[in-house]
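The following exercises are intended for a reader who meets this structure for the first time. Please study the sequence and the three-dimensional view before working through each solution.

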Number of protein chains: 2
Amino acid sequence: MSRDDPPRQTLRVDRVVTTALDVADRDGLDGLSMRALAQTLGVVPMALYKHVANKDELLDGMVDRVWAEVQAPDPALGWREAMRRRSVSLRDALRRHRWAVGLMESRMRPGPANLAQHDAMMGCLGRSGFSFRTTVHVTSALDAYVYGFALQEKSLPFGTPEESGEAAAQKLEATPPELAAMFPHLIEVVSELAKAGYDYDEEFLTGLDLILDGVERLRPEWASADRPGE
Amino acid sequence: MSRDDPPRQTLRVDRVVTTALDVADRDGLDGLSMRALAQTLGVVPMALYKHVANKDELLDGMVDRVWAEVQAPDPALGWREAMRRRSVSLRDALRRHRWAVGLMESRMRPGPANLAQHDAMMGCLGRSGFSFRTTVHVTSALDAYVYGFALQEKSLPFGTPEESGEAAAQKLEATPPELAAMFPHLIEVVSELAKAGYDYDEEFLTGLDLILDGVERLRPEWASADRPGE
DNA sequence: ACCTGAACACCGTTCAAGT
DNA sequence: ACCTGAACACCGTTCAAGT
């Protein structure tokens, strides 16, 4: 645990993690090898192992960086707006770092930013009158939704509604008629999408608000004041 | 495209994919190397390449097997029960094949079972009076939720509520007091969980029903008969 | 205190042969 | 038609050595 003796040391670890994020953002998780990272840093692969114990510890550090980018819920906004913004912020972070989606909840040693983020969630909901049980339900439902949405979004031909409409149209055109005949309902929806385009932002917010509506009904009545004030 | 000339051929591919599923279920996606798979099949690694073009095509086949395990929505049940059961079925499949969570929607060439499943979704919702827009919203919200839930569940110390309560208790005990002081709300929730345990099934269904409630309100009024009958 | 080079046990995949 | 062996360009990581 010689983590905090010489300040230069910490600085180096930071640089390694920062560069690792850059590499993963650009080349994906597959493109992030210890060797490739070392080369980007202008150093021999083995030099990295003075700063991180192994690749897993590097990933821990990277994931906590992403957590640090997520805006904590602000109780001053009222629980609903606070949850809404933090969910949007989490999705945004996962869009900036697509490689992270599958890793955010799977780390066995959650970092400080991760803990702080979850503590803020619990605090915000508890203060707003949610019971322990309901707090857990809300967190579970919201997080599942955001992770799942990010997971789907990650691999789809992303971009503007126009671009995704275009992609749907091409897919449609490339579909042989005998296949189209087998899946008429799917074809119908895809051709609607080809015309109308697909707006991920709008889609995300629709589902998010749908869940928040549901959460509202889980809330105990005695905490009916929507504004904070403890 | 010599996929269907000799029946022996197809049989072999099936066996390769089946075995690959077994290996991945047991050893995870990391444990599934072409070399390990070959060894399990009692064959030299290169022999596999007569049956699948490459590892990616193998994964395509594996993912479609998982899709085939997912119960298609049955319009005879009414849209709500149909959606509910298919969501539960999808989660179950993802629990049996934890390696699949990140792959279900990321394949560029969706297989027949995948297409059939999505066609059934669109058909069921369309028949129940959902507009094109709403059909897309419902599918997006439900799927995001199921994938995200499965993603979280995948890595958590799974098992019975008692086991997860136990795990929470241990985590709590291992937390140094100065860390606990920094995250009081989180600690509070975890200690509640340690007492009460965490029931994943109940949690999943709570969120699912919350979303289905929300979907109900998205439905056009003119389709108010809840039973099918086209 | 930090960096290096050689080495080990792995990957997916190509290519030229074997039967 | 199917299987094989050797090889190539990669992995993460250990270990002994260098400065």
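**Exercise 1. Cavities**

Which residues line the second largest cavity?

Solution. The conventions come first. This is a predicted model, in which local features need pLDDT of at least 70, side-chain atom pairs count only at pLDDT 80 or more, and totals for chains, interfaces and linings use all residues. Residues are numbered from 1 along each chain as its sequence is written, chains are lettered from A and ligands numbered from 1 in the order in which they are written, and side-chain values use heavy atoms, with hydrogens and water left out.

Step 1. A cavity is a set of points, on a 1 Å grid over the protein atoms alone, where a 1.4 Å probe fits but cannot get out; lining residues have an atom within 4 Å of a point. Grid points are joined across faces, edges and corners, and a volume is the space filled by probe spheres set on the points.

Step 2. The lining of the second largest cavity consists of A:L151, A:Q152, A:S155, B:V101, B:G102, B:E105, B:S106 and B:Y147. Its volume is about 40 Å³.

Step 3. Helix α6 (residues 132-155) of chain A gives the largest share of this lining, three residues. Helices (H or I, at least four residues) and strands (E, at least two) are DSSP runs, numbered from the N terminus.

Step 4. Sorted by class, the lining has three nonpolar, four polar and one charged residues. Here Ala, Val, Leu, Ile, Met, Phe, Trp, Tyr, Cys and Pro count as nonpolar, Asp, Glu, Lys and Arg as charged, and the others, Gly among them, as polar.

**Exercise 2. The largest cavity**

State how many cavities of 30 Å³ or more the structure holds, and describe the lining of the largest cavity.

Solution. Step 1. There are two cavities of 30 Å³ or more, and the volume of the largest is about 60 Å³.

Step 1. The largest cavity is lined from chain A by A:V101, A:G102, A:M104, A:E105, A:S106 and A:Y147, and from chain B by B:L151, B:K154 and B:S155.

Step 2. Helix α6 (residues 132-155) of chain B supplies the largest share of this lining, three residues. By class, four lining residues are nonpolar, three polar and two charged.

**Exercise 3. Salt bridges**

Which parts of chain B are tied together by the pair B:E153 and B:R91?

Solution. Step 1. Side chains of opposite charge can pair when their charged atoms come close.

Step 1. B:E153 and B:R91 form a salt bridge with an N to O distance of 2.5 Å. Because B:E153 lies in helix α6 of chain B and B:R91 in helix α4 of chain B, the pair ties together parts that are 62 residues apart in sequence.

Step 2. Buried means under 20% relative accessible area, exposed over 50%, and partly exposed in between (1.4 Å probe, protein chains only). B:E153 is buried at 4%, and B:R91 is buried at 4%.

Step 3. In chain A, A:E153 forms a salt bridge with A:R95, with the closest N and O atoms 3.8 Å apart. This pair links helix α6 to helix α4 (residues 79-96) of chain A, and its members are 58 residues apart. A:E153 is buried at 3% relative accessibility, whereas A:R95 is partly exposed at 31%. Both belong to a network of salt bridges that links A:R91, A:D92, A:R95, A:E153 and A:D201.

**Exercise 4. Chain A and its loops**

How many helices and strands does chain A have, and where does A:S128 lie?

Solution. Step 1. Chain A has ten helices and zero strands. Buried residues make up 44% of its 230 residues.

Step 1. A:S128 lies in the loop between α5 (112-127) and α6 of chain A, and is buried at 16% relative accessibility.

Step 2. A:D74 lies in the loop between α3 and α4 of chain A and is partly exposed, at 35%. The C-alpha atoms of A:D74 and A:L210 are 21 Å apart.

How values were computed:
1 Å grid on protein atoms, 1.4 Å probe; cavity = no way out; pocket = protein on both sides within 12 Å on 5 of 7 lines; lining within 4 Å. Salt bridge = Lys/Arg side-chain N within 4 Å of Asp/Glu carboxyl O.
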